Amino acid sequence: MDLQELKKLEQKRRVRYGYMWALFCAVLWGLWYLPGTVVWDLNPFDEMFGEIAAASGDDVSLVVTAVLISGFNALTVIIALLVWNGVLGKYGEMKRTLKEFKPCSKWFFLGSIFGGPVAILGSFIAMGFVGGAFAAVAALMYPVVGSILASQWYGEKISRRAAIGIFMIIIGGLIIFGGGLFAELGSGNIGWIGYLGGLMAAVGWGIEGAIAGKGLDIAEPDIGITIRFLGENIIWWIILIPLLAITGFPMIKYALLAFEPLTILVLVFAGITFGFCYVSWYKSFPLIGVGRGQGIGNLYGMFAVIFIILFFGDVPSWTLLLGGAFCLLGSFTMFSEETGGLESLRGE
Amino acid sequence: MAGNRPIKFRMLELFSDEQPHWNYEIVEKIQKEYNLKGNFYRDSINFDLIELASGGMLKDVESKLDDKGIYKKGFLLHKYMITDFGKMRASNVCLVYV
């Protein structure tokens, strides 16, 4: 084999790694929906929802409970990430990266604002005020925001083929959640706050990805993502939860009640799936770019529906098959792209 | 200063002489400066170089087959050089750039 061919092969391998990470992200993200759904029915969150709903209504209760659940989710994620970095022997590099706040780690802290309170909370708001299907569809739009930002801001190349792939995966997701979406929108009387939540989800994760891409230029993904979750923990535990507690919501009382074996088990499962989904997401960005990484990451919608069917025994509807076909077609369009043009992901 | 800034910062700094460098030279240097021994760290550091190149901060100017096992037998060795974008990112992170 000559040098040129070997180089091509190496190139191909790099891109394949990138897609593999993005696919891991999608599978784990989909898997996260199991603990992410179950945790709402467990105490103390179930009781908390009831208590706040009685006083302030279902919608407010949903968002306030979501803050506490997100806080615990972020907490178990950071534990999983610290173990992961310990195994990789990266504490030294983590300290070095953290110290470089201005040039580097600020990007990850900024990412935590958009990915945490903006996207996650927005997603819960959309879920609460409109419905689960609307929230899922809104979030599917995030690669559009992410790839446009990455290309405008730091010139990330996005080929026509990749754009078509991303578009097809979005269509696939739309078909999967479409039925529910129309039912929710048709029920009428939806407050603007629900749509705002949907917008927050799409824009939040899109901006987070673009910002992360910027920080990852000069940092390692495993470390970048840990700093990002350090930021998210600060936001939930030092800012939002105390703030809600001061306004009179029973945050502290229920936070202390969370230490039940089953609840902790589910939260740990959520932390592991969410944590490694994010690790894989960040690892894919430097290899295939923010646009492609997010596009494949979007397959989470399909995986979530599949896992929920497998674990909760719901009957799959035909929309899943049709939508899933679009998702597969879109992924294949991206996977089969000629890797020659991807030597550098940025325009020179 | 050596060994106390993030590895990718140091890499950009090493390349800021605008000379091409072989990946194994850089990896060896970083391993020594940061006291990171063993093949696991070697590969992890080399991966940082791959990420820098894929992000457009370094460009691959020459490659050769490692048939003597200088770095990893049977694999490709790469000679990288900093790009304009790389220089810009290096100056963003406050590396002295002349």
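**Entry 1: a loop in chain B**

I began with B:Glu18, which lies in the loop between H1 and E1 of chain B. I looked up its backbone and found phi near 60 degrees, a positive value in a residue other than glycine.

**Entry 2: confidence**

I note that this is a predicted model. I then asked where in chain A confidence is lowest and where it is highest. The lowest mean, 81, belongs to helix H6 (residues 132–140) of chain A, and the highest, 95, to helix H10 (residues 221–246) of chain A.

**Entry 3: a cis peptide in chain A**

I checked the peptide bond that joins A:Asn43 and A:Pro44 and recorded it as cis, with omega at about 10 degrees. I located A:Pro44 in the loop between helix H1 (3–38) and helix H2 (45–56) of chain A.

**Entry 4: the sheet of chain B**

I traced an open sheet of 3 strands in chain B, ordered E1-E3-E2, with antiparallel pairing. Strand E1 (21–22) and E2 of chain B are the edge strands, each of them pairing on one side only. Between E2(B) and E3(B), which run antiparallel, I found 7 bridges. In this part of the sheet I noted B:Asp60, which stands opposite B:Tyr80 in E3(B).

**Entry 5: extent of the interface**

I turned to the two chains together and found 34 residues of chain B in contact with 29 residues of chain A. The chains bury about 2700 Å² between them, and 55% of this area is on carbon and sulfur atoms. Which three residues supply more of the area that chain B buries against chain A than any other three? I identified them as B:Ser54, B:Leu76 and B:Arg89, which supply 20% of it.

**Entry 6: polar links and composition**

I recorded 3 salt bridges between chain B and chain A. One of them joins the side chains of B:Arg5 and A:Glu100, at 2.8 Å from N to O.

I next listed the elements of chain B that give two or more residues to the side touching chain A: helix H1 (7–15), helix H3 (39–54), strand E2 (58–65), strand E3 (76–82) and helix H4 (84–92). H3(B) gives the most, with 10 residues. By class, I read this side of chain B as 17 nonpolar, 10 polar and 7 charged residues.

Definitions and conventions. Residues are numbered from 1 along each chain as its sequence is written. Chains are lettered from A and ligands numbered from 1 in the order in which they are written. This is a predicted model: local features need pLDDT of at least 70, side-chain atom pairs count only at pLDDT 80 or more; totals for chains, interfaces and linings use all residues. Side-chain values use heavy atoms; hydrogens and water are left out. pLDDT is the predictor's confidence in each residue, from 0 to 100. Helices (H or I, at least four residues) and strands (E, at least two) are DSSP runs, numbered from the N terminus. Contact means heavy atoms within 4.5 Å. Buried area is the accessible area (1.4 Å probe) that two parts lose on being put together, summed over both. A salt bridge is a side-chain nitrogen of Lys or Arg within 4 Å of a carboxyl oxygen of Asp or Glu. Ala, Val, Leu, Ile, Met, Phe, Trp, Tyr, Cys and Pro count as nonpolar, Asp, Glu, Lys and Arg as charged, and the others, Gly among them, as polar. Two strands pair if DSSP finds at least two bridges between them.
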